[in-house]
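These are reading notes for a colleague who is opening this structure for the first time. Please keep the sequence and the 3D view at hand while going through them.

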Amino acid sequence: MSDPSPRHRRRGNPVRTIAATLATALATTTVILSGTPAQAAPSTLVVNANQVLRPVTHVATGSLYGLANATTPADNLVQAIKPNTFVQKPQGGRQQPTGDILTVAPKAARAGAKVVNRLSDYYAGWPYQFSWSDWLGVVDDQIAKTKASGITNLAAYAPWNESDNTWLSSNGTFEDF
């Protein structure tokens, strides 16, 4: 008599099992969420269960304030990490003593990276010493300076950073902001 318990069943390739389970879950989720469109575009999901890792893309490589100025760190050190994005403070911002976005954007570009202008870092302090009276002027000034600079590697403007830790209740609600 054979024992049907799992401990006596032959185990398959765990990578293939996981891949098949994920593929089935993805296909089921896609059908549930999208329904059946009148004319569905053909799509193919390819799972290579024999390849554990994919080539490195450096998509998450970069830093917060990793570029201090036009010369620090040296270009060869920046280029060695194959950066994707650097988050920096606005030009003339007061959150940090170095790292003004328009000063470091050319260095990032030489390394093939983009820059993000974290607008709230215009203000000093933690929480930020934010002022409603000049906020729109700060935003307008940063956009004008960026356009005038001619940089081509701006990825985004980030309006605020960590509102749960940097927003003073005396400013009203962050949601109103």
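The numbered points below go from the basis of the model to its sheet, its helices, its salt bridges and some backbone details.

1. This is a predicted model, in which local features need pLDDT of at least 70 and side-chain atom pairs count only at pLDDT 80 or more, while totals for chains, interfaces and linings use all residues. Residues are numbered from 1 along each chain as its sequence is written, and side-chain values use heavy atoms, with hydrogens and water left out.

2. Helices (H or I, at least four residues) and strands (E, at least two) are DSSP runs, numbered from the N terminus, and two strands pair if DSSP finds at least two bridges between them. Four strands make an open sheet in the order β1-β2-β3-β4, with parallel pairing; β1 and β4 are its edge strands, each pairing on one side only, and the twist averages 15° from one strand to the next. Between β1 and β2 the parallel pairing runs over three bridges, and S63 stands opposite F86 in β2.

3. Two helices can then be placed against this sheet. Axes are lines fitted to C-alpha atoms, for helices over the stretch in contact (heavy atoms within 4.5 Å), and angles run from 0 to 180 degrees between N-to-C directions. Helix α3 lies across β2, β3 and β4 and runs at about 165° to β3, whereas α4 packs on the sheet by touching β3 and β4, its direction making about 170° with that of β4.

4. Which residues of helix α3 are buried? Buried means under 20% relative accessible area, exposed over 50%, and partly exposed in between (1.4 Å probe, protein chains only). The buried residues of α3 (residues 101-110) are I101, L102, V104, A105, K107 and A108, and what covers them includes α2 (75-80), β2, β3 (114-118), α4 (132-149) and β4 (154-158).

5. Q88, in strand β2 (residues 85-88), deserves a separate look. Because its relative accessibility is 0%, Q88 counts as buried, and, leaving aside neighbours within four places in sequence, Q88 has contacts that include I101 and V104, along with Y65 and N117.

6. A salt bridge is a side-chain nitrogen of Lys or Arg within 4 Å of a carboxyl oxygen of Asp or Glu, and by this rule the count comes to five. One of them joins D75 and K107, with the closest N and O atoms 2.6 Å apart; D75 lies in helix α2 and K107 in helix α3, so the pair ties together parts that are 32 residues apart in sequence. K107 is buried at 2% relative accessible area, whereas D75 is partly exposed at 24%.

7. K89 forms another salt bridge with D100, at 2.9 Å between the closest N and O atoms, and both K89 and D100 are buried. Within helix α4, K145 and D141 meet in a salt bridge (3.2 Å, N to O), the two residues being four apart, about one turn of the helix.

8. Some backbone details remain to be checked by eye. The peptide bond from T72 to P73 is cis, with omega near -5°, and P73 is in the loop between β1 (62-64) and α2; the bond from W126 to P127 is cis too, with omega near 5°. K82, a residue other than glycine, has a positive phi near 50°, and K82 is found in the loop between α2 and β2.
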